[in-house]
Amino acid sequence: MFAGLWARGAALECRSAAFTKFPRQPSLRFLRTTSKPTAPFSALATSSRTWPRSSSFFNANRTFTRVPNTPRRPFDPRFFSANAAQAGAATAELPILSPPAVGGWLLASAGLVFAVIVVGGITRLTESGLSITEWRPITGVLPPLSRAQWEEEFEKYKGTPEFKLLNHSISLEEFKSIFFWEWGHRVLGRIIGVSFVVPLAYFALKGRLTATLPRHLSAMAVLIGAQGALGWYMVKSGLEDSLLETPGAVPRVSQYRLAAHLGTAFVLYAGMFGTGLSAIMDWRYATKGFWSGMKENGVKWKEVLENPAVRRFSRNAKGLTALVFLTALSGAFVAGLDAGLLYNEFPLMGGRLAPPADELFDPAYAKNADRSDIWWRNIFENPTTVQFDHRCLASRSHHSAASLQVLTCVGQAITTYIATAAMYAATFNPALRAVLPPLTKRMTTSAFAMANIQVLLGISTLLYLVPIPLAAMHQAGSVALLTTMIHVLVSLRRPGAAAQAWRQAFLRGRKAP
C-alpha cells in the first residue's frame, strides 16, 4: 500500500514540475478545448500553446489551448460577479460600476439623516434647542460627567433669554432632560459626518465609485459640514440678548434659519436616498436585467420612458415631489413661530374658512415706512398667516392688503393629498397602466397611502394642541412621504451609463459562440 502511494506521489511531482514551466492562470475560463492531436510529452517543454492532460484524470484525446493574457481592467469582472459567463462577457474596457455595498452605505446614511430630522423635531418641541450655549465640534461630543461640570453648564444656561423669560424656575435635573435632547441631536449629526466621510474615502480610494459619484458625494460631504455650522447659526439666533429688550418677544430661534436648517437636511436625505437607490437598481439591471420590476434582455426601458403618457406622468411626479418638499418647509415656519398652537380646529379657522384679511396681513408686521413689505413679512412672520399658508395656497387680487380676496383656498396638505390621489388614480388608466413599470405602480400606491396617514397625523396634531408624540410622527411622516415620491422618481430613471455598458457586454458575451 505504501509503495503504491509513493509511486502516485512521484507521478504527481513529475506532472507538477512539467506544468511549472507555464504561467499560472487565474481560472479555467482562460482555456478552451481544441481538437488538435495530443503532442508528445517531451514536446510540451518547448511549446507554449498546447499541452495534454494525463488520462488518469482527463480524456487522453483532449488538449487545451492557452489564451494569451489580457491586462487586468480597473474594475475586474470577477469583482463584478462570481458568474464566469458574466466575467468573460466583457471583452472591451468597461466603466466602473458601483457595487451594492455603495448603495447600502448611502441608504444607511439616509436612515441616519431621517433619525436626526426626527430627533431635531423633538428637540424643538421640547424647547431644548437653546440648552447648550456653545458650539464645540470636537470637545462637545462628551456631555458633563461630574456634578461640577453640570453646574457649570447650568450657569451658562441661566444667562440666556430663554431661562430669564421662560425657564427661570427649572431645577438642575429638569435642565439635564432638555440638555440631553440637544446634545443627542448634535452627536447624531457628528456620527452622520463620520459615517459618511470615512466610507466615501474608502470607496473612492478603492475605485468602487461610478464616474459621476465622487463629485456628487463630495458635495454632500461639504453640505454635511455646512449643516453643522448652519445649525449653530440657527441656535445663536435664540441666544441674543436683544430678545430681552423687545416687548412681547419670545426666546426662540429664527424661523428663517430653522427652515434653512430643516430644508438642508431634507436635501441631504433626498440626495443620499435617491443616489443609494439608483446605485442598487443599476447593479440589478447590469447583473440580472431587472429594471423597475421588469425583467428584460434588451433596451425595453427606452420604449417605456419615451412613451408620451409615461413622460407626462414623470413630469407630474416631479412637480408633486416639489410640492411635498415645499409643504414640509412651510411646516418649519409653523414650528418656528409656534403657529400650531393657534386655531386648533379643522377645516375652519375661527368658525370661517379663512381668518379676516386684516389679521392675515397685519400692518404691525411691516417694518418699512411705506409698508411695502407687509405681505411677505406676514407670510413668513405672522403666526396666523403662516398656519394659513401651511393649510392653504392663496392668491391676491390686488397688492393692497385691504383689498385682499382669497380666490382659492386649498390646504397645502390637502393639495398634496389631492395631487397624490390624482397620481394614484392615473395609474388605473388602461393606457398608462399598460406601460408603467410595476415598481412605479407599487410606489405610487405607497405614496397615496402615506399621504392619507400624513393628513390624519396633521389634523390630529392640530386638534390635540401639538402633543409631542403626534407632532414628531407628523414630521417623520413628511420624510416618509418624500421617500415614497423619490422612489417613484427613481423607478422612472433610466439606467446609468456604466450599468448600460455592463449589461450590453453581458448580452454580447452570452450571444457569442
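These legends go with close-up views of a predicted model.

**View 1. Helix 11 packs against helix 14.**
Here we look at helix 11 (residues 308-336) and helix 14 (residues 383-391), whose axes sit 9 Å apart. Their packing angle is about 160°. Angles over 145 degrees count as roughly antiparallel, so that is the label for helix 11 and helix 14. As for handedness, their crossing is left-handed.

**View 2. Who touches whom between helix 11 and helix 14.**
Now for the residues themselves. From helix 11 come Thr327, Ser330, Gly331, Phe333 and Val334, and they meet Val386, Gln387, Asp389 and His390 of helix 14. Sort this contact by class and you get three nonpolar, five polar and one charged residues.

**View 3. Helix 13 crosses helix 14.**
Helix 14 has another partner in this view: helix 13 (residues 374-381), with the two axes coming within 6 Å. The crossing angle is roughly 75°. Since 65 to 115 degrees counts as roughly perpendicular, helix 13 and helix 14 are therefore described that way. On the helix 13 side, look for Asn378, Ile379, Phe380 and Glu381; they meet Pro383, Thr385 and Val386 on helix 14. The class tally for this contact is four nonpolar, two polar and one charged residues.

**View 4. The largest nonpolar core.**
This core has 74 residues, and four of them touch the most other members: Trp105, Phe196, Leu217 and Met272. Which helix gives the most to this core? That would be helix 9 (residues 255-288), with 13 residues. Zoom in on Leu217 and, leaving aside residues up to four places away in sequence, you'll find it touching Trp105, Leu106, Phe196, Leu200, Leu209 and Thr275. Two of those names, Trp105 and Phe196, are also on the list of residues that touch the most other core members.

**View 5. Trp291 in strand 4.**
Strand 4 covers residues 290-291, and Trp291 is found in it. Is Trp291 buried or exposed? Its relative accessible area is 3%, and buried means under 20%, so Trp291 is buried. Also pick out Met281, which is 10 residues away from Trp291 along the chain. The C-alpha atoms of Trp291 and Met281 are separated by 7.0 Å.

Conventions
Residues are numbered from 1 along each chain as its sequence is written. This is a predicted model: local features need pLDDT of at least 70, side-chain atom pairs count only at pLDDT 80 or more; totals for chains, interfaces and linings use all residues. Side-chain values use heavy atoms; hydrogens and water are left out. Axes are lines fitted to C-alpha atoms, for helices over the stretch in contact, and angles run from 0 to 180 degrees between N-to-C directions. Helices (H or I, at least four residues) and strands (E, at least two) are DSSP runs, numbered from the N terminus. Angles under 35 degrees count as roughly parallel, over 145 as roughly antiparallel, 65 to 115 as roughly perpendicular and the rest as oblique. A crossing is left-handed if the near helix is turned anticlockwise from the far one by less than a right angle, and right-handed if clockwise. Contact means heavy atoms within 4.5 Å. Ala, Val, Leu, Ile, Met, Phe, Trp, Tyr, Cys and Pro count as nonpolar, Asp, Glu, Lys and Arg as charged, and the others, Gly among them, as polar. A nonpolar core is a set of buried Ala, Val, Leu, Ile, Met, Phe, Trp, Tyr and Cys residues joined through side-chain atoms within 4.5 Å. Buried means under 20% relative accessible area, exposed over 50%, partly exposed in between (1.4 Å probe, protein chains only).
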